[in-house]
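Welcome! Please have a look at the protein shown here, and keep it in view while you read the short report below it.

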Amino acid sequence: FVEVMVNLLIAMKVYDRVTTLGSLSAAARDLGMSTTAVSRLLKALEDDLGVRLLNRTTRRMSPTEAGRDYAE
């Protein structure tokens with residue numbers, strides 16, 4: 001249970017940094033993580049919540065409506 005909660009808190013922090021800084025790579029640098037780790041944590045958070053938080057393309061990233069609500 002504790003491990004699950006810690007992972008959730010880390011994923012929430014990652015999501016906050018991604019939305020604040022505007023990119024996965026900027027959040028990864030800020031958190032001292034790889035971009036792959038950031039991406040995996042975001043996917044796990046989306047899977048846990050059952051909702052897509054970010055629209056991602058190769059050039060842009062933007063929060064979905066659910067993602068904006070979650071960030072608040």
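What follows is a walk from the overall layout to a few single residues.

This is a predicted model, in which local features need pLDDT of at least 70, side-chain atom pairs count only at pLDDT 80 or more, and totals for chains, interfaces and linings use all residues. Residues are numbered from 1 along each chain as its sequence is written, and side-chain values use heavy atoms, leaving out hydrogens and water.

**The overall layout**

The protein has 4 helices and 2 strands, and along the sequence they follow the pattern α-α-α-β-β-α. Both kinds of element are DSSP runs numbered from the N terminus: helices are H or I with at least four residues, and strands are E with at least two.

How does the overall size compare with a compact globule? A compact globule of 72 residues would have a radius of gyration near 11 Å, and the protein agrees because its own value is 11 Å. That radius is taken over C-alpha atoms, and the globule rule is 2.2 Å times the number of residues to the power 0.38. Along the principal axes, the C-alpha atoms fill a box of roughly 35 × 25 × 20 Å.

Of the 72 residues, 26% count as buried. Buried means under 20% relative accessible area, exposed means over 50%, and partly exposed is in between (1.4 Å probe, protein chains only).

**The core and helix α2**

Which residues have the most contacts inside the largest nonpolar core? They are Val14, Tyr15, Val18, Leu24, Val38, Leu42 and Leu54, in a core of 14 residues. Helices α1 (2-21), α2 (24-31) and α3 (35-49) each supply at least two residues of this core. A nonpolar core is a set of buried Ala, Val, Leu, Ile, Met, Phe, Trp, Tyr and Cys residues joined through side-chain atoms within 4.5 Å.

Leu24 is also one of the buried residues of α2, together with Ala26, Ala27 and Ala28. Their cover includes α1, α3, β1 (54-56) and β2. Leaving out residues up to four places away in sequence, Leu24 touches Val18, Thr35, Val38, Leu42, Arg56 and Met61. Just after α2, Gly32 takes a positive phi of about 70°.

The contacts leave aside neighbours within four places in sequence.

| Residue | Relative accessible area | Contacts |
|---|---|---|
| Thr35 | 38% | Leu24, Ser25, Ala28 |
| Glu46 | 7% | Val51, Arg52, Leu53, Leu54, Arg56 |
| Thr64 | 12% | Arg52, Leu53, Leu54, Asn55 |

Is Glu46 buried or exposed? Glu46 lies in helix α3 and counts as buried, because its relative accessibility is 7%. Thr64 is found in the loop between β2 (61-63) and α4 (65-71), and Thr64 is buried too, with 12%.

Thr35 also lies in α3, but Thr35 is partly exposed.

How values were computed
Contact means heavy atoms within 4.5 Å.
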